[in-house]
Amino acid sequence: MKVALNQEKDKTHLLSRKKRRQLERKLVKAKRNAWHHGEKIPMSIDTLSPSIEHQENLIKKKKKKKKNKSKDKSSELTFDEKAAKEHHQKILLEDNESEDAHIKKLEKLLGIKSNRKTYLRGFIDDGLDYLLDFCDKDRRKQIMIAEGDGEGNAWYDEQDEDQQWLVNKQKKRVDLANQLENQQEKTKKKKTSLVKFNDQVQTKMIDDDSFDEEKEFDDDDEEEEEEDFDEEEEENDYEELEEEEEDNDDDIEETPPMKEDIYGRMIDVKGNVVKNNASTVYIPPALRQKLNSSDDNSTVEIKRRLQGQLNRLSEKNLSSILIEIETLYRSQSRASINSCLYQLYYDSLLSSISLTNESLLAEHALLACLLHANIGLEIGSYLLENFLQIFIEHINDDVSNKINDNLLIFISYLYAFHMINSKILFDIARYLLNINQLNEKHLELILLLLKTIGFILRKDDPLQLKTYLQELRTACSSSTLLSSSSKRIEFMMDTIKSLKNNDIRKLPGGYEPERIDRLRKIYRNLVKNKTVQHANILNVSLQDFLNVKEQGRWWIVGSAWQKQTSQYNQNNNIQKIELQFNEKIRKLAKKQHMNTDVRRLIFGTLLTSEDYDDAVEKLHKLNLSKVQEREIIHVTVHCCLHEKTYNPYYTLILQRFCAYDRRFQISLQYHTWDRFKDLSLLNKQQLENFGSALSQLLMSKSLTLNIFKNFNFIELTPSARTFLVELFVKLFNEIDDASLKNIFQFPSTQNYKFVKDALRLFLSHFILKKSNHTELVHHRCQIAIDQLSIE
């Protein structure tokens, strides 16, 4: 008993705190129920534990039953063809019902009665009465055999060429369809299905002939993937057969759709470049846009948005307008926005009838300067370039035309708001003085410039202004078109006097420095990068803007342009220079195979010069390009080799050019290597001339012994031996010992061991051991060998 009680106590102790509290609550309920029903009242928790364990066992059994049911269900998933067929039939019936409902809805909308006669009448009216019968495979074969010429070609006329072509085409189509059907039957017989149950996989071969057409709608995922794969294979086979058919069909060629790539070339559907028979020239996108349409939808939209911002331009809302235009610049092409902005400025500011309001000109100039400082230099440069061209076009207009007056005020405010330098203003003012004799219109423009911006110029560049005012006085006094009693002369004198005395109050016409100071303050607040404020100022002259097409826009990064004379003009100049040579020189150049204009020009210059200094100077004045300058080396060496005796005149010219620029030295080195390969083609006199010339070039350090690293010492021909002997004997006779050591000293940075060994072997065998040379040659040859032996 004690053991049993201890076991019961152990059981209660084994219970968790939560479980024990649940049992205590149940004990309270059990006591209450027992007292009401007059039953025995339970006194401890242990009396309730057996019933609780019984309930827990029941719950466990229910869970086991659920697991067994799920296992039974999974085990029941066998490959039952009848069940699958019934399942597919249900799905097809539901789909058919939904399709019938959809068809009825469409019939009702189209006003078609669901009657067979109406269907047939509609097909007959449309010429499609044979279509339904032709869709059936068996019926199609019967129709093709029964109708036409007995071979499946219906409505056949032997005399019609078009029908003959259609018959041949139809035959190929029918053969292709039959081949595809046979392939489909073969592939369907080889299909396999995968059915999973109880972690096992069972495979079974399926013959599609034993199934109805309803089997095609199987919901199994893996079978759908296999069917999709088979369909892709069938489509690929069909495409291959079609390609073979198109290759065999020589009667007609279908032109595939063409489109244009990003480089302006025409490509087909596969991306291959199609070459047109007609030679087409590539047109850049900017020029193409001008050719197609100058005012497309995007340009119209940009103009509309810019016009809306410019219409509400004032000092107060300048900040918001600047933000809107900056966002427009980020989203659209800068070139198109610049052109639209220039066009709007031209339309709104440049009036030929009267002067535009000065505050309007100042605000528009301030906006342009802010865009120039915050976005890029090309904005202000584009506006200024186009406005200056207009200014030059209207420079000789009458006094009544006010376009240049408005332009000059606008450009003056561009200077006030730090877009341009004072250089261009003084260029404009001097251009007005010097273009023609000073007249009233020019004087009016000069006075307008001084009135608008004269005091700022006096503060920024007083010396330049002083010299210009002196030039203005002398021009007015010497001009015959101006009378001394003219009101404009008086006005000019008053303006000069007020500028000289720095007296703003006495300036005729009034001057408002407050407006410029106020707008300059707005400019400083709205400029993003204060440090680049003065770096963005265009320090460009008037001539640079006017000669943009010839010299380029060097002040814009990426727009630098180098002037190049056209090939046609250059050839004309060369031909004109060639005519200076007499007939004898031209015949000699032709005899020496000078087959290009540049070579004939260099050849004539070499032969007609007084000395080598004159020749070098004339060759420099030819203004040849860097590629053409290489011909100087080639022609000079050619002339040197073809002289009857060695002439140091050509060697001195080569020395001068090698000392002038290293590129001539490199050209001479490469030309020497080419000559090493053709030594066998030279005669004895030419080899002596070549050796003597190289010895002089080595002594003058125009070349070094490194040139022999490409010399073939292994297969030494008689011509090469004669050339080397002549070279080194000439060198040993005309140089001292110290200079000789410097010439035969190779740099230690590179490995010239093979060249040094080859030269030492040649000198010892062909010069040192020969008795026909003088003692001086033998002595210096030994010095050269000793120098080459040093490692």
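Here are a few exercises, with worked solutions, on the predicted model above.

In this predicted model, local features need pLDDT of at least 70 and side-chain atom pairs count only at pLDDT 80 or more, while totals for chains, interfaces and linings use all residues. Residues are numbered from 1 along each chain as its sequence is written, and side-chain values use heavy atoms, with hydrogens and water left out.

**Exercise 1. How many helices and strands does the protein have, and what percentage of its residues count as buried?**

Step 1: There are 35 helices and four strands. These are DSSP runs numbered from the N terminus (helices: H or I, at least four residues; strands: E, at least two).

Step 2: Of the 791 residues, 35% count as buried. Buried means under 20% relative accessible area, exposed over 50%, and partly exposed in between, with a 1.4 Å probe and protein chains only.

**Exercise 2. Work out which way helix α2 faces.**

Step 1: Start with the span. α2 covers residues 17-37, 21 residues in all, and reaches 30 Å from its first C-alpha to its last, close to the 30 Å expected. That expectation is 1.5 Å times one less than the number of residues.

Step 2: Pick out the buried residues, which are Leu 23, Leu 27 and Ala 34. They sit on the same side of α2 because they cover an arc of only 50° around the axis, taken from the directions from the helix axis to the C-beta atoms.

Step 3: An α-helix has 3.6 residues a turn, so residues three or four places apart point the same way.

Step 4: After the helix comes Gly 38, with a positive phi near 70°.

**Exercise 3. Find how helices α13 and α14 are oriented to each other.**

Step 1: The axes of α13 (residues 334-349) and α14 (residues 358-374) come within 11 Å and cross at roughly 170°. Axes are lines fitted to C-alpha atoms, for helices over the stretch in contact, and angles run from 0 to 180 degrees between N-to-C directions.

Step 2: The pair is therefore roughly antiparallel; the cut-off for that is over 145 degrees.

Step 3: For the contact (heavy atoms within 4.5 Å), α13 brings Leu 341, Tyr 345, Ser 348 and Leu 349, and the α14 residues include Leu 361, His 364 and Leu 367.

**Exercise 4. Which residues have the most contacts inside the largest nonpolar core?**

Step 1: A nonpolar core is a set of buried Ala, Val, Leu, Ile, Met, Phe, Trp, Tyr and Cys residues joined through side-chain atoms within 4.5 Å. The largest one has 92 residues, and Leu 367 and Leu 472 have the most contacts inside it.

Step 2: Helix α18 (residues 440-460) supplies the largest share of this core, eleven residues.

Step 3: Neighbours within four places in sequence aside, Leu 472 touches residues including Leu 433, Leu 450 and Ile 496.

**Exercise 5. Are His 418 and Asn 623 buried or exposed?**

Step 1: Most residues other than glycine have a negative phi. His 418 has a positive phi of about 65°, and Asn 623 has one of about 55°.

Step 2: Both are in loops: His 418 between α16 (403-416) and α17 (422-434), Asn 623 between α27 (612-620) and α28 (626-641).

Step 3: At 17% relative accessibility His 418 counts as buried, whereas Asn 623 is exposed at 64%.

Note on methods. Angles under 35 degrees count as roughly parallel, over 145 as roughly antiparallel, 65 to 115 as roughly perpendicular and the rest as oblique.
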